[in-house]
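Have the coordinates open as you read.

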Amino acid sequence: MNVVVIGHGMVGSRFVEDLVARMPDARVTILGKEPEGPYNRVLLSAVVAGKTDASMLAMSAVDPARASVLDGVHAVHVNRAARTVTDSRGDVHEYDRLVIATGSAARIPDIQGIATDRGLVPGVSVLKDLADAQGVLARLPKARRAVVLGAGVLGIEVATGLAARGVAVTLVHHAGRVMERQLGDAAAGIATGALHQLGVKVVTGASVAGALERRGTLTGVRLTDGGEALTDMLVMCAGTIPETALARRAGLPCERGIVVDAQLASPADPRVFAIGDCAQPPEGGTGLVAQGWDQARRLVDAWCDGETAAIDQAKAGLTDVVRVKASGLDVVTMGLSGKFDHGDRELRAVRLADPSVGRFVEVVVSNGLLVGATVVGDKQCASELAAMYTRAIPVPADPAHLIVRPLAGASPAAAAKNVEDLDDDATVCQCNTVSKGRIVAAIGDGCANVADVAQATRASTGCGDCRTNVQRLIEAHAAPAATTTDSGAAAPRIPALAG
Amino acid sequence: MTVATHCPYCALQCAQTLHPTPGERLPVEVAGREFPTNRGGLCQKGWTSAEVLRASDRLTAPLLRTADDGFREADWDEALDLVASRLSALQEQHGRDAVAIFGGGGLTNEKAYALGKFARVALRTRLIDYNGRFCMSSAAAASNRALGMDRGLGFPLADLAGADAVLIVGSNMAATMPPFVQHLAGVRERGGLVIVDPRETVTAKLTRDGQGLHLAPVPGTDLVVLLALAHVVLAEGLADQEYLEERTTGLNEVRRAVAAWWPERAEGICGIPAERLRETARVLAAASPSHGGRGAYILTGRGLEQMSQGTAGVTAAINLALLLGLIGRVGSGFGPVTGQGNGQGGREHGQKSDQLPGYRMITDPLARERVAGVWGVDPDSLPGPGIPAVQLLDALGTPGGPRALLVHGSNVVVSAPHATKVVDALRRLDLLVVADTVPSETAMLADVILPVTQWAEEDGTMTNLEGRIIRRRKAVDAPGEARSELWILQQLATRLGVPTGFPTAAGEVFDELARASAGGKADYSGITYDRLDAGEELLWPVPGAGHPGTPRVFLDGFPTPDGRARLIPVDHHAPADDVRADAPIYLITGRVLQHYQSGAQTRRVAELAAAQPGPFVEMHPLLADSLAVAEGDAVRLTTARGTAEASVRLSEDTRPDTVFMPFHWAGKGSANRLTNDATDPISGMPEFKVTAVAIAPAPTREAVAR
């Protein structure tokens, strides 16, 4: 079987690796527009923030011996009747199955003066590929101010990353609150407060209307609210647009993305599939790599096992967990979050808002399962909720327990009591199950030091961690005169290393 | 006259002094003895170990199954004649592989060696494997392919004391081998103990109060934690570049593989906050030599290894250690913490399906020639590789499978995964022979039970978790007719037509073992009882009489073809039996302090049984609340394999999505009725440590009656 994959990004490469592993006799060709081979686009903001070395981005790719890998070569034409793909070098590739994994492009808003015929004005950029990240890094040494447009996940990551590098950042967002798709008012307010603390100035309800430049270089921006801001950089994080041009030209139905059915196939052509950001599956695209990787896995499974590629709700991990990667700002959302529509479901939403310490948690529960959550400023809670959400693990009877955890040590069992305050039946030496009562009795019988107690009760002869406690009990219970004498009754010693 | 020996239980092999006490209820009195590993300490199991010598139902005569399904006592000749004639008949009728052997990681080196030789020379069956497959196989497979050798810790335990950080993944040694904890005092003082365990075990509690960090991942995701730590080490430029260039290969592949495991993604799978993962990676890096630290160690346990991705898990741990430049350096290192008493030696001398003495591969023509030479047989007469434990147990009594099984030092009915299936398999056999000291659950299914000596009744050597060879010394005679396996194998071999080559004196067997191991990876050729008895500290390899032993391995390079360690890319997959709507809770299994493995020994010690009387399932109060059960309630646990019952023990130490059940009991409270027998594709290790379970209140008697 001839398989052609268009797009050698995070999803296309994962698909091909899995496919050749499972279907060794498939003849696979993968075309990648960028010369570098697959790399981790999710971490571009971490590179800009200086948290990740750019050398860390390269990802594993299919063994070139197992597939024809054409990096730096893009597809220019798909002929569905002839089942061929023509590439930018003019070579023609035949396919039995075609997988489109072209990803998405950065949306470039209509802003006056950001571009000339030569492209974006120096200082203006998006952050979609490695070249963009390198462009931003190259300007950093001379940049004192930056404007980031768009307070979605990427915009917030870029803004906090630049701020952490000492750049004065203004984050401009068209909606009335940051991350308006994921956060409601209260959560967004707390996140905004955290952004301010990290040195990011947040302007909401406005956009960038025009770029100000001098001698061909950006010097500032004019905002739609009439304000102006001096800046050395404008990084536009205004969303993405699925790359559908090739599919549209091939006559495949496209809306926002390339329309595919539950089997990830085009309704117009059962030989053509789309996965990753370019695809528009029935449940909608999330723009998250987890969804694309899940699609890649399902498609390979379907081809190899002859099963359906549709999401098996009983088995599927939920992939719409959104995490902002920003030091000092913890925002995680999943499922129903922000201002969601209850529909006709029976939902229980429980929330905790604690703005003065920057904490907000909301959990949404339906039929005993967590169906959504919004967490700002509580790392531990966020990671626990995500683990529970993605695995559909039943929630406690009272969802409030998902939010408020008992204080460590608040329960009687966990309380770190002083050994003197323990009951007599409490175990002091775990290794030998020796109770406090037995130790106290041994002290009463004349044991005057830890070695004596060990001899009499075996307490402290395992890991030795309770020696301090045994000593305290001796001090508390022994007759004053006896505490310093050594009994000399220790077990006879055998040469240390006799085998 | 006192006798210096070592504890009968775990791989720490605490040194003991036995004082014979003629005329007393127990034949010896036990005390701890100063030794580099236990420093005089013993846990409750060790202190009470003499009780097992006089277990009330100790086997003291061979037992033969009777027509009415009971047992009758027999003398040795009758029992051995019967076994040998049945084995011969079955092999004549169905071929050599009609007989299989199942060994144990508690057997002395001498017994393990003799058992492997007996299989290959007397029975000439390829079907031998052992319960170490359930214990160390993933660690062994990963160490061998990455480092070229598997010597457990690779360094003396006492070295841990000097480190700035020790990362321990999936081991609860404070409960399973308590005296080990003494070696962690230094690193705890410096705040560098890092424990990865879904439970806040007593070991994890050692990190409290600033003594370190505890990461509690979702069960089955420890590998993700390791991948994320490797990611951070590389992303933040914390790796030891010089070491990687000089001593390893494969960096590029591993770098690309862990590129997919950035901390925020890992957090979504393992449930540990991304910042916590970063913090942990930085603690380890700061402790490592390339950053001027005093050193760091990475240790793995069964929690990581007993997975269908166990080999990948240990590989990820090795990768992390290599990235930090820890392996083959004084003061730093990597190692799996071996579990069974002779789990290390037991995997070196030929009771593994693909192995010959000296940690040689049975498929290697040179190894076959060398060992056959020592054994005085034609190399071509040696059988080829057999099959690993789970597969072997599955094959019993099936068409074309083995018809007879000899079990030595193992209680598979309680300790193997999917235990009910194992019972069915044993019942399909024409002949089951079990050699044991007590009537274990497995022995009770046997056609012939052979009473054997134990611990204080025999001489031999064990190889502890450090790769240190130690002496087991006889202090008392065994009761009744109990005999050493060395004698039994010699008797059987003679009856099978091989009258020579099976000496019964342990020292003689050891000398032959040492010769057979010469030139192998686990080279014991320079070790003698005399050297050990003179107090020499010998950690293998000891290639030759004048060799001082090898306390720390890999200092001068790795025993791989190019002398370099291999970084090998690995990836995570979900458990074979993951949580789902009708089994929404994770079940993990493990041990408690007072019991050892299947409990065949410790359940017979009154003091231990009193402290931990029966099966229980530990769960978080929140989970108990949602299941509407309370402390002490009986619950029924159901997995895709079967059901078990246990009483509820509430604890905030366990994640609310997870329950913990110890596996020491038989019958309806047996945890291994529930565990998954899916295995690791490389090591054959079963996935004991994670499965999906449904829990409900146990049906009451009245409900059952209705």
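This is a predicted model: local features need pLDDT of at least 70, side-chain atom pairs count only at pLDDT 80 or more; totals for chains, interfaces and linings use all residues.

Residues are numbered from 1 along each chain as its sequence is written, and chains are lettered from A and ligands numbered from 1 in the order in which they are written.

**Helix 20 of chain B**

Start with helix 20 of chain B, which is mostly covered, with 8 of its 11 residues buried. Buried here means 20 or more other C-beta atoms within 10 Å of a residue's own, exposed means 12 or fewer, and partly exposed lies in between, with C-beta atoms placed from the backbone. Helices (H or I, at least four residues) and strands (E, at least two) are DSSP runs, numbered from the N terminus. Among the buried ones are Ile488(B), Gln490(B) and Gln491(B). The buried residues pack against helix 3, helix 4, strand 16 (404-408), strand 17 (431-436), strand 18 (448-451) and helix 21 (506-517) of chain B.

Two of those partners are worth a table. Axes are lines fitted to C-alpha atoms, for helices over the stretch in contact, and angles run from 0 to 180 degrees between N-to-C directions.

| Partner of helix 20 of chain B | Angle | Axes apart |
|---|---|---|
| Helix 3 (residues 76-94) of chain B | about 55° | 9 Å |
| Helix 4 (residues 109-123) of chain B | about 10° | 10 Å |

Angles under 35 degrees count as roughly parallel, over 145 as roughly antiparallel, 65 to 115 as roughly perpendicular and the rest as oblique. Helix 3 of chain B is therefore oblique to helix 20 of chain B. Leu80(B), Asp81(B), Val83(B) and Ala84(B) of helix 3 of chain B meet Gln491(B), Leu492(B) and Arg495(B) of helix 20 of chain B, where contact means C-beta atoms, placed from the backbone, within 7 Å.

Helix 4 of chain B, on the other hand, is roughly parallel to helix 20 of chain B. On the helix 4 side, the contact includes Ala114(B), Leu115(B) and Phe118(B), and on the helix 20 side it includes Leu486(B), Leu489(B) and Leu492(B).

Just after helix 20 of chain B, Gly497(B) takes a positive phi of about 90°.

**Core and chain contact**

The largest nonpolar core has 391 residues, and Ala191(A) and Val166(B) have the most contacts inside it. Such a core is a set of buried Ala, Val, Leu, Ile, Met, Phe, Trp, Tyr and Cys residues joined through C-beta atoms within 7 Å. Helix 9 of chain B gives the most to this core, with 12 residues. Not counting residues up to four places away in sequence, Val166(B) touches, among others, Leu160(B), Leu184(B), Tyr297(B) and Leu299(B).

Where the chains meet, chain B puts in 56 residues and chain A 51 residues. Elements giving two or more residues to chain B's side include helix 9 (222-235), helix 11 (251-258) and helix 12 (263-270) of chain B.

Gln13(B) isn't a glycine, yet has a positive phi of about 50°. It sits in the loop between strand 1 (3-6) and strand 2 (15-20) of chain B, and counts as buried because it has 28 C-beta neighbours inside 10 Å.

Asp69(B), also not a glycine, has a positive phi of about 70°. Its place is the loop between strand 4 (63-65) and strand 5 (71-73) of chain B. Asp69(B) is exposed, with 6 other C-beta atoms within 10 Å.

Lastly, the peptide bond from Trp540(B) to Pro541(B) is cis, with omega near 0°. Pro541(B) is in the loop between helix 22 and strand 21 (565-566) of chain B.

Methods
Two residues are in contact if their C-beta atoms, placed from the backbone, lie within 7 Å.
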